[in-house]
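Here is a short briefing on strand pairing. Please look at the sequence and the model before reading on.

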Amino acid sequence: MVRTKLNVPAALKNGVFSSDRVLNIPPGFQISLFASVPGARFMAVAPNGDILVSQPGAGQVTLLRPVAGGGVPRSLTFVSGLRTPHDIVFHAIGGITYIYIAEKNQIDRFRYVSGDTVAHDREVVVTGLPDSSLPELRGAYAHEVKNIAVGSDDHLYVSIGSSCNVCTEDTTSNPVRAAIYQYNADGTGGRLFASGLRNAEGVRFLPGTNTLWAAVNNRDQLPYPVQDSSGNYGQLFWGYVDNHPPDLFTAVRDGGNYGWPFCNSNPDQGFDHMPFDPDYDTNRDSHVDCGKMDAPTQGIQAHSAPLGLGFLQGTQFAQPYRDGAVVGLHGSWDRSQKTGYKVAYFPWNTATQLPGAQIDLITGWLDDASQTAWGRPVNAVVDTTGSLLISDDQAGAIYRMTYAPAAVSAASGVAILTPESIGSIYGANLSLQTVGATSPDWPTSLAGATVTVQDTTGTARPAGLAYVSPAQINFEVPEGTAIGNATLTLQNITGTHALGSVLIATTAPSLFTANGDGKGVAAATAVEIVLPTTFESPIPVFTCERAGNCKSVPMQLGVDTPIYVSFYGTGIRGRSSLNDVTVTIGGVAASVVYAGPQRTYPGLDQVNVALPLSLHNAGEVDVVLTVNGQSANTVRIAVE
C-alpha cells in the first residue's frame with residue numbers, strides 16, 4: 001500500500017476536505033475527490049456513464065454527469081420525495097431498460113432512456129415492505145433500508161434487514177425479516193428465498209452465474225457461549241465481543257438458512273468453513289440445531305459493518321484486480337479498537353468461483369492512534385472509464401480511484417517492480433517501429449527508444465530493452481536501482497517524455513502465464529523422473545490453440561514417476577533465502593528446490609518444485625507462490 005495524498009479540486013476544498021487528506025492505496029493507482037454528495041450511500045452506473053447516488057436522509061437520488069477533462073461532475077436531482085431510498089439497480093428486460101430503486105417500504109421501477117436526467121414512468125412493483133411504521137415495532141426498526149439485486153433470470157431479490165440486534169420475533173413475522181425475498185421482475189410472485197441473514201446490505205449476482213452473494217452485518221454484544229473452565233459463560237467482555245461473531249461474505253442459496261438469530265459462525269480457526277456456536281441469548285439450550293444451518297462461504301472481521309458489494313468481473317477496472325469483489329467496510333462502533341473504515345478486496349478463484357482471503361484495497365479513513373475517522377466508505381462501483389468510484393456517507397463524498405501506473409510487472413501486470421525484474425510500459429506512440437532484442441544481451445536502445453530509471457538516490461540508469469512497439473515497451477529494471485519510488489523517462493525520436501513513477505521493492509514475485517495476462521494456466525515446464533533410473537523426460541504443462549487460447553495439460557503423477565515443475569516469473573531473485581520461498585499447489589505445500597535467476601534471459605526468474613504425491617488425480621489446481629511474505633499472482637496447473 002502507498003500512502004497517497006487525496007487530490008481535491010479547488011471547488012471541493014471545504015468541510016472535511018479543507019485540509020489535506022491521505023489514503024493508502026495499491027501501487028499504480030491515483031485517487032481523487034470526484035464529487036460532493038451529502039449522505040451518499042449506494043451507486044449505480046448508467047449505460048451512458050452517468051452515476052446515480054442514493055441519499056436516504058434527503059429522500060432523493062442524485063445524478064452525477066461527468067464532464068470533459070475530468071472536472072467536477074454536474075449534479076442533478078434525478079428523483080426526490082422518496083422514503084429512505086437506498087439501493088439502485090439497472091436491468092434490461094425485453095429491450096426496455098429499467099432502474100429499480102429500493103425505498104424502505106417498497107421497490108420502485110422507472111423506465112430509463114440513455115441520457116435521462118429525471119426519473120419517469122414510475123411503477124411501484126413491491127409494496128408493504130416492513131419499516132418502523134409497523135405497530136409491532138413501535139417506531140424502532142434497526143435495519144429498515146432495503147437492498148436489491150436482479151438476476152439474469154429477470155427475478156428481483158429484496159433483502160429485508162432485521163428489526164433488532166438479536167430477537168426471535170423476526171423469524172415468525174410476515175414477511176420474515178433478516179431474509180431475502182424473490183419476486184418476478186414486475187413484483188408479482190413474491191416468496192421467501194433465504195433466511196437467517198441479519199442485515200444483508202450488499203446483495204449482487206456473480207457475473208456470468210445465477211449465484212447470489214451477500215455481505216452481511218452480524219450481531220453485536222454477543223455473550224460468551226461456551227461452558228468451559230474460563231468461567232466466562234454468559235459474560236460480555238471485550239476479549240470475546242471484539243471478534244465474535246464475524247460479519248459474512250457468502251453465497252446465498254434458495255431455501256438456505258444462515259443461522260441468525262440462533263447460531264453464530266465461530267472464526268477462531270479462520271474465516272473459511274467456520275462452524276456454528278449456539279447463540280447464548282436465543283439458543284443456549286440448542287433447541288435449534290445449528291448443524292442444519294448453511295455455513296457461510298467466508299467471514300469478515302467482526303463489527304467491520306460490510307455494506308456495498310461489487311463484483312469487478314466484466315468491468316474495465318485494472319486488469320490485475322478484475323477477477324475479484326470489493327466490499328465497503330463502513331466501520332465499527334462497538335469494539336474496543338475500531339475496525340473497518342476501508343474498502344476490502346477479495347481475489348476470485350475462477351476455477352472454484354470462490355473468494356480468496358481478504359486484502360485491503362483502500363484504507364486511511366481511520367486514524368488507528370486516535371481512533372477517530374474522517375470518513376466511512378459505503379459502496380464501490382466501476383464507471384465506464386474503468387475507474388473505481390467509492391461513496392462515503394460521513395464525509396458526503398464520492399472518490400475516484402484510477403489505475404495509471406508508469407510501468408507494471410511484465411508477468412502479472414501489478415505495479416511493483418524490483419531491481420533486475422522485467423517491466424512493461426503501455427501507452428501510445430512509444431515508438432514508431434516494432435522491434436525485439438535479437439540476443440539475451442538486451443540493448444539500452446531499440447528503434448531510437450531509450451528508457452531511463454532514476455531512483456530515490458537521484459541516480460539515473462538506462463534500462464535494457466527487450467521489445468518496443470508503438471503501444472508497449474518491455475524492459476529490465478537496472479541492477480542497483482534503489483528501493484522506493486523510481487521515475488521513468490522515455491526518449492524517442494519525438495522527444496523526451498516523463499512517464500511517471502513506479503514502486504521499486506526488494507521482492508515483488510509474479511509468474512508468467514501461457515495466455516500472457518498473468519491469469520490462468522502457468523507458463524511452466526516440467527520433467528518426469530522414471531524410477532529407478534534418473535532419466536528426465538520432458539512433459540507438457542500447457543497447450544495453446546492457434547487463436548491463442550491456452551489450457552493446462554494434465555500431468556500424470558505417480559509413485560514411480562515423480563514430477564518436477566519449473567515456474568517462470570520475475571521479481572523473485574531478491575529473496576532473503578530459499579527458506580523464505582513457499583509454494584502451495586492445490587492447498588498442499590510443495591518442496592521448493594530452487595528459486596532465483598533463470599540465467600539465460602535478463603530479469604527472468606525460475607522456481608523449481610517437486611509435485612506432492614498427494615496431488616494425484618487432483619485435477620486443475622491453483623499454484624500460490626510466496627516470497628518474503630509476498631504472494632504472487634495465482635496460476636494453475638493440472639495433475640492426474
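In which sense do strand β42 and β47 pair, and over how many bridges? They pair in the antiparallel sense, over two bridges. Strands here are DSSP runs of E of at least two residues, numbered from the N terminus. Two strands count as paired if DSSP finds at least two bridges between them.

This is a predicted model: local features need pLDDT of at least 70, side-chain atom pairs count only at pLDDT 80 or more, and totals for chains, interfaces and linings use all residues. Residues are numbered from 1 along each chain as its sequence is written, and side-chain values use heavy atoms, with hydrogens and water left out.

**Strand β47 and its partners**
- β42 covers residues 510-511. Its L511 stands opposite G569 in β47.
- β43 (residues 524-529) runs antiparallel to β47, joined by five bridges. A526 has V565 of β47 as its bridge partner.
- β50 (residues 605-610) is also antiparallel to β47, with six bridges. Y568 faces Q606 of β50 across the pairing.

**The four-stranded sheet**
- β12-β13-β14-β15 is the strand order of an open sheet with antiparallel pairing.
- β12 (147-150) and β15 (191-195) are the edge strands; each has a single partner strand, so one side of each lacks a neighbour in the sheet.
- Neighbouring strands of this sheet are turned by 25 degrees against each other on average, direction ignored (axes are lines fitted to C-alpha atoms).
- Four bridges link β12 to β13 (residues 155-160) in the antiparallel sense. V150 stands opposite L156 in β13.

How values were computed: Axes are lines fitted to C-alpha atoms, for helices over the stretch in contact, and angles run from 0 to 180 degrees between N-to-C directions.
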